[in-house]
Structure formats: structure tokens, C-alpha cells
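Dear colleague,

Please find below the structure that I am handing over to you, with its sequence. My notes on what was found in it follow directly after.

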Amino acid sequence: MPELAAQRPSVALFIPCYVDQLAPEVGLATATVLERLGCEVGFDAGQTCCGQPFVTSGARREAVRLARAHVERFAGADAVVCPSASCVATVRRRYADLIGEARAWRLASRTFELGEFIVSRLGTSDVGACFPHRVALLESCHGLRELELGRASERLDPEPSRIGVTETLLRGVSGLELRPVSRRDECCGFGGAFSFGFPELSARIGRDKLRALSESGAEYVTGTDVSCLLHLEGLRAREGFGPRAIHLAEILASGAGR
Amino acid sequence: MLPDGERRSAHDAAVFNLREKRDQAGRAEPDFERLREHARALKAHALDHLDLLLERFEENASRAGAVVHWAEDAPALNRIVHQLLESRGARRVVKSKSMLTEECGLNPYLESRGVEVVDTDLGERIVQLASEPPSHIIMPAIHRSREDIGALFHRELDVPPGETDPVRLTEAARRHLRSCFLGADAAITGANFAVAESGTLVVVTNEGNADLGMSLPGLHVACLGLEKLIPGLADLAVLLRLLARSATGQPISVYTSLVNGPRPGAELHIVLVDNGRTRLLADERHRRALGCIRCGACLNTCPVYRRAGGHAYGFAIPGPIGLVLAPALGGTEEQRGLPLASTLCGSCTAVCPVKIDLHEQLISWRASDVPRGLRERLLSRFAAACLSSPALYALAGLALRAAWPVLSRRWPGNPAGPWLASRELPTHPGASFRARWRDRVRGAGP
Ligand code: SF4
């Protein structure tokens with residue numbers, strides 16, 4: 001991609017705390033994909049957490065504190081890219097309410113989910129990846145409904161249905177066979193604090209999801225959120241059935257590249 | 001209160017079916033999304049001018065011959081209705097489904113005072129015979145199977161044992177209800193909308209039971225929340241096009257009755273109930289929830305409602321809209337905690353015909369009103385402190401790594417216990433991303 005390489009867009013990685021601690025390979029894959037597409041990738045090790053768990057559990061004071069620190073940390077970046085749709089949604093949809101400052105708005109408009117950044121900013125849907133497997137897509141709720149990475153099934157405007165960015169990217173991966181899933185955008189039941197507050201219900205919803213994914217015949221389930229994938233993976237480990245979870249970044253980073 | 005096994009799956013499937021019907025009906029109406037936007041604006045306007053609308057409604061309804069009463073809370077509503085019945089010597093009442101009277105506990109109040117109340121909506125009658133509250137705001141008995149209902153009707157209505165044919169069961173209910181209608185002294189109904197410009201009540205049903213109730217006995221008492229007011233009949237046209245489509249996928253309900261004053265020789269009383277609504281109206285962040293037209297679409301799409309069932313909520317209105325209204329209209333500590341019972345998937349917000357931002361409201365209620373124990377407050381304080389400093393964060397990461405093998409096992413008091421009840425923890429990767437990034441930079445990789 002010579003025309004991209006000429007510009008070398010510079011990207012600040014936003015690696016959420018739980019990706020940092022529990023799924024480092026997703027962060028590394030994110031960097032690999034972006035570099036392969038000609039970006040200059042930087043990581044500021046002073047970052048910690050965007051505050052999402054505090055926002056959703058109602059700890060407003062703590063949420064404000066972390067949001068301020070996050071804005072401070074990333075204020076100078078041209079583009080911030082993150083492999084977690086729900087953390088991006090926190091910055092984009094909640095910060096304005098937490099800290100009503102122009103800087104928060106500005107950061108919101110510069111923070112992107114990985115796949116969204118590739119398709120809408122870098123303008124490509126072919127990252128040169130190769131993943132010869134049957135894959136099902138988990139359209140996680142925040143990515144779908146808050147970032148509109150795809151079109152939620154509830155939306156009824158008559159315009160022809162647009163293919164979501166995540167799906168577009170997966171279709172561009174060579175060898176990958178995308179399998180349809182019934183009730184494609186039903187929540188997996190994770191819900192952050194919900195999975196701790198209502199563990200039984202959370203697992204029930206998750207098991208139904210796992211069953212639908214498994215019936216799709218997929219070997220892998222992928223998505224834009226490590227959290228939902230870890231929840232499904234934890235259920236799979238307990239139940240002994242269902243596709244393995246793999247993050248979108250890992251699929252996009254697979255294969256030799258160009 | 002969670003239904004289990006097959007019953008749960010049946011409930012999930014039956015309710016999701018309603019959601020799918022809604023999708024089909026909405027897609028067949030090319031203006032659906034524009035209608036939603038229109039309805040949102042219309043309801044916002046109505047709530048902003050509620051005081052004027054109420055005044056105008058009272059004036060016009062009175063001119064048409066109705067008597068308007070105001071009830072500040074549930075006890076006031078119950079008292080007013082009971083006094084009306086008592087002063088007219090009414091002892092047998094046919095009632096058509098109203099979530100408001102459910103919210104205010106009208107039935108038990110009247111029954112304990114010797115008034116016989118028969119709910120005439122089929123689903124509502126089923127749950128009444130089974131002595132339980134409705135589990136859905138549109139389909140009160142959707143949690144019950146045909147077999148359940150057959151057994152119940154065998155016990156209560158003399159249906160032959162083992163009867164599960166819906167047509168014959170409905171026929172039995174119809175026969176039973178007809179005698180109730182004919183012997184009734186008064187009718188109590190709710191109302192879906194109240195039109196200010198004409199003083200009209202609008203009652204929507206699929207069974208015609210409300211209409212029969214309103215036209216047989218000499219006394220009709222309509223109970224409605226203040227938020228039901230809309231300015232004019234033109235607004236009604238918008239809302240009616242959305243209501244049935246969102247609720248059951250019908251283009252319009254079977255019966256839509258506009259009541260303008262009493263029938264000749266009969267009495268019409270309208271009780272306008274506050275019960276926490278003006279307080280909610282004054283709350284800028286949450287007042288939009290009052291725009292709800294009770295279509296039930298948010299329940300039908302909610303993954304939690306479909307698995308938990310309506311009774312699990314412990315509040316008259318279950319599902320997402322129930323979670324949002326409970327802190328304002330319900331009083332108990334548990335009800336104030338209801339906003340936590342959501343995954344925040346946002347599907348409710350996306351289906352709501354009046355575009356109430358339900359999941360955003362839940363987040364906002366969590367921050368302002370949900371009771372949080374000392375333990376949680378300390379925990380989040382501590383976690384935020386760890387996350388606020390990169391050095392402390394790194395330290396906490398190390399500690400977590402060391403503790404991980406212990407956390408992954410089940411033992412009493414394990415903070416990961418709830419997660420482990422039905423899932424495994426992920427295997428902990430040896431090193432964090434930042435550590436591996438450091439190595440990568442040092443190794444001067446590609
Ligand atoms: S909140 Fe919206 S979707 Fe839910 S019942 Fe009310 S109007 Fe229907």
C-alpha cells in the first residue's frame with residue numbers, strides 16, 4: 001500500500017486494562033495489523049483504564065477521575081485506536097457527560113475501534129490476512145449499537161442493509177468462511193458488572209449464544225470485544241462445546257501479510 | 001423466580017417471536033423510523049407542557065359530562081375508586097387490564113373490602129385465577145403454557161381434564177366472562193391515551209373486553225397516569241400506528257375506542273394518578289421515561305427479561321422500562337436496585353417506538369440512585385486508586401498475576417466466585433501487553 005505508506009498515519013494504541021492484563025496477544029496483533037497497513041504505531045505506557053467499569057457500575061466520581069486521566073494522556077494524539085469496541089464507546093458516548101470539556105469531545109472524535117479505523121480511516125478492507133477457517137461473528141452490543149459498526153436487527157429504515165465494517169473486513173480475509181448465526185445480534189449476556197451481579201442469568205444468555213454459535217458450524221467465534229469473547233470462552237471451557245474465541249485483531253494479523 | 005429448563009426456552013421463544021413480528025410489521029411500514037422520531041418529539045412536547053394539557057383535558061372531559069378526580073398516590077387512587085363503588089352500591093366489578101391499577105395494588109384493596117373484581121382480559125383473567133401478578137405488560141400470561149392453563153381452567157372453570165386446545169379453552173373463558181359482564185355493577189378500565197383538545201379517552205384492546213365493560217354497567221371508572229396526556233387527535237394517529245406494530249406486529253389493534261363523556265344515563269369518572277410521576281417529571285435526566293406508551297417492545301427484545309421472566313423483577317412493570325421506572329415509581333430498596341439488572345446491550349433503546357434512551361437511563365440511574373453497599377464503594381474507590389497511577393497499576397497487575405491460580409479455584413469467599421459459578425476464568429497469560437511491548441521495542445522488531 002504505497003499511498004498509505006507515504007503518509008504514515010501515526011496511531012496511538014489504546015490498550016484497555018483488561019486487554020493489557022488478560023489478552024496481551026490481542027494488543028500485539030493490533031499493532032501488527034496497523035504497522036502492516038503503514039501506520040506508525042506508538043504505545044504510551046502511562047495509560048491504564050478508560051473508566052468503563054466505573055461508568056457502568058455507577059461509581060461516577062471514580063469514573064470522572066479515570067476519564068480525566070485518559071483525556072490528559074491522549075489529548076495530543078492524531079488518532080487513537082483500540083481493540084475493544086466497548087472501551088471506545090465509553091470514550092465516545094460517555095465522556096462528554098462525565099467531563100463536559102472540548103478536549104473530551106475532540107478525543108471522542110479521534111478514538112476508533114480497530115476495524116472501524118481500518119475501513120473508514122485507512123480506506124481499505126483487505127489487510128492481506130489469511131485465516132482458512134469457518135468463523136462466526138459475535139456482534140457485540142456496544143460495537144453494534146453504540147458505535148454502529150454494523151446494522152442492528154432492530155433498525156427498520158428501508159434503505160438497503162449496509163454491511164458492517166467488521167463483516168466487511170472478515171470477508172476480505174482469504175480462506176475465511178463466514179457462517180451465519182441465528183439471532184445474530186442478541187447479547188452474549190456478559191454485561192460487565194452484570195456477569196458478577198447476576199451470574200446465573202448471564203451464563204444462561206451466554207449458553208444460548210454459545211449454542212447458536214456452535215450450530216452455525218463455525219470453528220471460531222470472533223468479535224471486537226475481548227470481554228465478550230472471554231465470557232464465551234469461559235463458558236466453552238465449562239460446558240465443553242462451542243467454537244473457540246479469537247479476537248478480530250488476531251485474525252487480521254494472521255497470515256504472511258503482503 | 002427464574003423459570004427453568006424447557007419452560008424457560010418456551011418463554012424465550014414465545015417472547016422473541018413477538019419481537020420478530022414487530023420487525024416484520026415495522027419493515028412493512030416504510031415510514032417506521034420517521035414515525036418513531038415524530039413520536040419521540042411529540043411525547044417530549046407533551047411532557048414539557050403536561051400542566052397545560054392536564055388543565056385542558058379536565059375542562060374538556062368535564063364539558064363532555066365526565067367527572068375528573070385527581071389522585072396523588074396509590075392509596076388515594078384506591079380510596080377514590082372504592083368510594084365511588086360503595087356510594088353506588090357496586091359490589092361486582094369487571095376490569096380491563098391496566099398496568100396502573102397493578103402498580104397501585106387496586107385489586108387486593110377492593111377485594112379486601114368485599115368488592116368482587118374480575119379481570120376480563122383473557123391473559124389477565126388467567127393470572128388472576130392463578131393468584132399471581134401479570135408477567136408481561138401486554139401478554140400477562142405469556143409465561144404459562146397451554147397445559148398450565150388447561151389444568152387451571154379444569155380446576156376453576158370446569159373444563160374437562162387434559163384440555164389444551166386453545167379454541168376450546170378460550171370458549172370456556174368467554175362463557176365464564178360473559179356471565180361476569182352481565183352481572184357487573186361497574187367497570188374499571190385504564191386508558192392508553194387521553195386527548196387534551198377533546199377530553200377523549202382512548203382505550204385499545206384486542207378482545208373488546210374493555211368496550212363491553214364500558215357499555216354494560218351504569219358506572220365506568222377510568223384510571224390513568226398523568227403521563228398519558230397527548231395534545232390532539234392528530235398525535236393519536238402517530239402513536240396508534242406505532243403502538244400495535246411495536247407490541248405484537250399488528251398494523252392496528254382490533255379495538256380502538258374513543259370515549260367522549262358518559263353514555264346517556266350512565267356515569268363516567270376519570271381518575272388522574274400521579275404516584276411519583278410529577279417527581280419524575282421534575283427530573284430532567286429521567287423524565288423522558290414518562291413518554292412510554294407501554295407497548296412492551298423493550299421487554300420482548302430484552303435478553304434478560306426473556307430468560308428471567310416478568311415475576312423476577314418484583315415490580316409491576318418488568319423489563320427495561322420497568323428497570324427505568326422502578327427507582328422513581330417503586331419505593332423499596334430492591335426496586336431502587338433494579339437498574340443493575342441489565343447487560344446494557346442497548347436493544348431496548350433501539351426498538352422503543354418513542355425512542356426512550358432506556359439503556360442510557362439505566363447508566364444514569366446507576367450513578368444517581370442505586371443503593372451501593374459500603375463494600376462496593378470501598379472496592380471501587382480502591383480499584384480507581386490502583387488504576388489512577390501507572391505505577392500502582394503495574395503493581396496491581398503483578399499481584400493479580402500472583403493471585404490468579406488461587407482465584408481460578410472455587411473456594412468460599414473467592415471474589416471471582418460469581419463468575420466461576422458457571423464459567424472458567426481465562427488462563428492468565430504470563431506477561432502483560434506492556435511488558436511484551438517493551439520487549440518488542442527493545443528487540444527492535446519489525
Ligand atoms: S419503553 Fe418504549 S419500548 Fe418499552 S414499553 Fe415503553 S414505549 Fe414500549
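The second largest cavity has a volume of about 90 Å³. A cavity here is a set of points, on a 1 Å grid over the protein atoms alone, where a 1.4 Å probe fits but cannot get out; grid points are joined across faces, edges and corners, and a volume is the space filled by probe spheres set on the points. This cavity is lined by 14 residues (those with an atom within 4 Å of a point). B:Cys302, B:Ser342, B:Thr343, B:Leu344 and B:Cys345 lie nearest its centre. The elements that contribute two or more residues to this lining are α14 (303–308) and α15 (319–329) of chain B. Helices (H or I, at least four residues) and strands (E, at least two) are DSSP runs, numbered from the N terminus. By class, the lining divides into 9 nonpolar, 5 polar and no charged residues. Ala, Val, Leu, Ile, Met, Phe, Trp, Tyr, Cys and Pro count as nonpolar, Asp, Glu, Lys and Arg as charged, and the others, Gly among them, as polar.

Before you read further, please note that this is a predicted model, in which local features need pLDDT of at least 70 and side-chain atom pairs count only at pLDDT 80 or more, while totals for chains, interfaces and linings use all residues. Residues are numbered from 1 along each chain as its sequence is written, chains are lettered from A and ligands numbered from 1 in the order in which they are written, and side-chain values use heavy atoms, with hydrogens and water left out.

The whole structure holds 5 cavities of 30 Å³ or more. Two or more lining residues come from each of β5 (134–138), α9 (141–146) and α10 (165–171) of chain A; the largest share, 3 residues, belongs to α10(A). This lining has 5 nonpolar, 6 polar and 2 charged residues.

In the loop between α9 and α10 of chain A lies A:Glu148. Its phi is near 55 degrees, a positive value in a residue other than glycine. Most residues other than glycine have a negative phi. A:Glu148 counts as partly exposed because its relative accessibility is 42% (buried means under 20% relative accessible area, exposed over 50%, partly exposed in between, with a 1.4 Å probe and protein chains only).

Chain B has a residue of this kind too: B:Lys355, whose phi is positive and near 55 degrees. B:Lys355 sits in the loop between α17 (347–351) and α18 of chain B, and is partly exposed at 26% relative accessibility. Helix α18 (residues 358–368) has 8 of its 11 residues buried, so it is largely enclosed by the rest of the structure. Among the buried residues are B:Leu358, B:His359 and B:Trp365.

Residues around the ligand (a heavy atom within 4 Å of it) include B:Cys292, B:Cys295, B:Cys298, B:Cys352 and B:Leu358. By class, this shell has 10 nonpolar, 1 polar and 1 charged residues.

Finally, A:Thr30 belongs to helix α3 of chain A and counts as buried, at 0% relative accessibility. Leaving aside neighbours within four places in sequence, A:Thr30 is in contact (heavy atoms within 4.5 Å) with A:Leu13, A:Pro83, A:Leu114 and A:Ala249.

Yours sincerely

Methods: 1 Å grid on protein atoms, 1.4 Å probe; cavity = no way out; pocket = protein on both sides within 12 Å on 5 of 7 lines; lining within 4 Å.
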